[in-house]
Amino acid sequence: MSSEKTTVLIVEDEPEFRMRFKQIVESEPTLELIGVAANKREAQELIDRTKFDVMLIDLGLPDGNGTDLIRQVSAKRPDVDIMVVTVFGDEQHVVSAIEAGATGYILKDSTAADVVSCIRLLRAGGSPVSPVVARSVLRAIRNRMGGAGGGTTRPGGASPDNNPLSARETEILQLLAKGMSFNEIGEILGISPHTVTAHIKKIYRKLAVHSRGEAVYEATQMGLLRS
Amino acid sequence: MRTLRTLLILLAAAAALILSVPASATTLRSVDWTLTEIGAAPADDAQWQAYDLPLRWTSRPGEPLRGLTLRLRTTLEAPPTQAWAVLLSNASTGGRVSVNGRMVGEIRTADASTEVRWRRPHLLAIDPSLLVAGENTILIQTAYSSGVHFLAGVEVGPLAEVSREYGLRFFASTILPWIGGTLATCFALLFALLWLRRHDATIALVALASAFWVLRSAYFLIETVPVGAAVWLDLLFYVANGGFAVVMTLVLLRLAGRASGRAAWMPALYAAIGPALLIVTGGHAVPHLDRLWLPGLIGMVAIGLAYALLSRVRKHEALQIVVITAITVAIAAAAYDYGVAQGWLPEATMLALHWAGPLLLAALATPVVDRFVRVLRDAEGARGDLESRVREREQMLKRNYERLREGERVQATAAERQRIMQDMHDGLGTQLVSSLMLVERGALTQAQVAQILRESIDDMRLAIDALAQGNSDLLASLGNLRYRMEPRFRAAGIELIWDARDMPEELNINPDAVLPILRIVQESLTNALKHSQARAVSVALQVTQAGDDAPMLQIRVTDNGKGIAGERVGGRGLMNMRSRANKVGGTLTLESVPGTGTRVKFTYKLDEYHTGLTRTPTQLGLNTEAIIERFREGGG
């Protein structure tokens with residue numbers, strides 16, 4: 001962890017939550033608030049104008065879906081950690097955000113301590129993940145592989161040519177999906193919990209890169225991009 | 001118009017070319033005849049008798065072999081300088097040929113054992129030095145026995161000219177019957193084979209006609225016969241002609257729609273007369289039969305033709321017209337040949353029936369071929385029809401499957417909606433309503449309100465975990481519960497141990513059971529968190545299977561707290577847990593030792609929903625396996 005303050009950008013349309021996140025960041029001495037946006041347009045301005053380490057973003061914005069912004073920021077500034085704010089942490093929202101490039105997510109009703117520790121986890125190179133999300137990520141990756149290994153429980157996933165995950169990463173995801181905590185997984189695999197979360201962040205990045213590659217491929221196919 | 005005129009001119013030119021007789025070749029018109037000893041030259045005082053050519057003479061069966069010399073004369077203005085030749089187009093008895101006393105060639109003649117009936121022409125070259133200006137004599141020393149004999153078409157002239165005529169005659173007398181006979185053989189075999197496969201009258205008639213034609217062609221191609229067999233050769237000729245005529249008459253009567261038994265027997269009876277009389281008279285009747293019975297056959301076919309024309313006058317089809325025309329042509333050809341043979345018509349280069357016969361056979365075969373083609377077309381059409389119907393059927397099946405699948409989906413959605421409604425009513429709804437009443441009564445502190453709201457949110461998250469699209473994986477949902485409660489346990493200083501390492505990657509169970517089981521575990525954990533004063537709580541998940549029984553899921557929530565006092569074991573929270581367990585067909589047991597801890601044990605029988613596999617939706621069209629799978633998934 002660097003001694004400098006972590007700079008944070010908040011994108012949240014609901015005033016109540018905007019205020020709350022603002023307060024949490026401002027009252028935490030290691031964090032520094034860079035800006036607050038209530039919609040996509042404002043967020044775009046701030047993204048173009050300022051520099052930040054972490055972006056807290058709500059997906060449902062009045063002038064559109066926040067996924068575009070996530071994709072943009074993660075492509076332009078891979079060093080930025082993007083954290084999605086969600087009410088339920090349900091798989092659909094979270095997985096699509098991860099595919100766009102988000103590396104973390106928090107529930108809207110999280111306590112101040114949760115928010116701060118989540119930001120710390122991200123800056124330390126880790127990522128949080130719930131079992132349902134872990135399972136969804138596994139499924140998403142298997143579906144990407146053309147359904148080849150879609151129905152099996154072979155350890156380490158299916159054919160290594162298509163599977164972007166390493167055997168260890170797949171194993172971690174499988175344990176997470178069963179409800180095991182970082183500590184427990186660390187014990188089972190003989191690694192530190194910190195390494196486990198680092199693996200998860202790598203998995204998120206791989207999923208995002210993978211889906212970005214696919215998006216480019218599809219766009220080329222549709223004639224939207226010149227190859 | 002111009003095209004037509006050009007065509008006419010060309011035709012006229014071609015006709016002129018064909019009809020033009022070589023100017024320098026001479027056709028001899030008369031012959032002198034005298035009987036001699038066999039093989040001997042005529043005596044000087046021999047009695048010569050003059051005849052016009054063509055000459056036709058007969059000898060009764062059984063008469064002895066006789067020697068004969070024929071003398072022909074031709075006058076030349078000057079001896080020729082190029083090679084000269086004599087062409088005997090139709091000298092049926094053959095013989096030794098000499099010119100001005102010098103032999104120029106010998107054609108086999110009849111002897112004691114063999115009869116000859118030359119139909120082929122013979123070309124004999126003459127050394128020009130043998131010829132003189134003025135009269136030249138050609139002698140043919142020959143012999144004959146029983147039968148009908150000819151001398152016709154004797155030409156003298158330059159070899160080059162006469163050999164052209166020879167080629168034409170040879171083709172007409174020999175090659176043409178070969179062609180006709182070969183063609184008829186092929187037809188006979190083909191249609192006989194067809195008939196074996198399918199007993200059809202038309203096919204049988206074509207096969208018979210072809211067979212008779214083969215016999216007839218053979219007659220014309222056999223030129224030397226042993227003496228005793230000559231009469232059989234005549235019989236062959238009669239049978240062939242009679243049979244062919246009967247078949248033609250039957251074909252015509254069928255066309256006329258009069259192919260009744262009696263109508264069919266009468267021609268057959270007439271046709272049998274010739275061969276019968278020939279056998280009975282031992283060949284003596286042949287000249288009379290030739291003159292009377294053979295034209296009768298022509299008349300018989302002509303009567304059949306008249307029937308066909310009269311009855312079919314209104315509804316002639318193209319193929320019937322072809323057959324009728326071909327028979328008409330054949331009748332004309334036969335009549336022409338008869339006329340030539342009787343000497344009523346000028347001598348012809350070739351017999352017309354040699355042409356007309358094979359053509360007639362081809363015409364007879366056309367209706368059969370046409371029917372075959374039509375049947376083939378129908379069969380192909382039927383197959384195409386069948387294919388399209390199968391395709392239609394396939395489409396229908398596919399649509400039915402899609403409808404079925406759609407129905408299943410709708411049903412599943414309805415079931416899910418039902419589940420959500422029920423859950424809202426029992427869970428969140430009741431909780432919110434009762435909380436509202438408490439708040440309105442002012443009976444709750446702010447902290448209590450916050451607590452109630454938090455629990456409501458927890459409950460809602462639990463429901464979302466359980467109801468998430470396609471989520472019947474109990475393991476991940478339980479994991480999520482643990483993930484959410486972990487911070488609270490941490491805050492309370494209680495260690496939460498989760499042991500799921502021996503579990504399969506996924507545990508899919510009946511979607512109806514997911515939420516109740518989640519609630520049971522949540523309740524157990526909440527109880528432990530709130531009341532147990534434990535230092536650690538462990539959740540152990542296990543799937544066990546004994547023999548062939550369905551596997552059992554066991555969830556044990558154990559704490560090392562103060563235990564539950566006897567009177568609280570029947571408390572409301574526990575009663576709720578029990579009723580939930582019963583509702584999903586599981587059992588719940590509670591063991592509590594005061595001072596040592598509490599263990600809640602829930603066991604649940606995994607039914608056919610259970611699988612350790614991840615299901616990915618199949619998007620194949622008509623994949624039977626996928627359909628069965630879907631039935632299995634959605635049916636129960």
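Select chain A to begin: of its 227 residues, 44% count as buried, where buried means that 20 or more other C-beta atoms, placed from the backbone, lie within 10 Å of a residue's own. This is a predicted model, in which local features need pLDDT of at least 70 and side-chain atom pairs count only at pLDDT 80 or more, while totals for chains, interfaces and linings use all residues. Residues are numbered from 1 along each chain as its sequence is written, and chains are lettered from A in the order in which they are written.

Next, select Met55(A), Leu56(A), Met83(A), Val137(A) and Val521(B), which have the most contacts inside the largest nonpolar core, a set of 96 residues; such a core consists of buried Ala, Val, Leu, Ile, Met, Phe, Trp, Tyr and Cys residues joined through C-beta atoms within 7 Å. Its largest share, nine residues, comes from helix α11 (residues 511-532) of chain B, a helix being a DSSP run of H or I with at least four residues.

Then move to chain B and select helix α4 (residues 230-256) together with helix α6 (residues 286-311), whose axes come within 7 Å and cross at roughly 15°; axes are lines fitted to C-alpha atoms over the stretch in contact, with angles running from 0 to 180 degrees between N-to-C directions. α4(B) is therefore roughly parallel to α6(B), a label for angles under 35 degrees. Among the residues making this contact are Ala245(B) and Leu252(B) of α4(B), and Leu297(B) and Gly304(B) of α6(B), where contact means C-beta atoms within 7 Å.

Methods: A residue is buried if 20 or more other C-beta atoms lie within 10 Å of its own, exposed if 12 or fewer, and partly exposed in between; C-beta atoms are placed from the backbone. Helices (H or I, at least four residues) and strands (E, at least two) are DSSP runs, numbered from the N terminus. Angles under 35 degrees count as roughly parallel, over 145 as roughly antiparallel, 65 to 115 as roughly perpendicular and the rest as oblique. Two residues are in contact if their C-beta atoms, placed from the backbone, lie within 7 Å.
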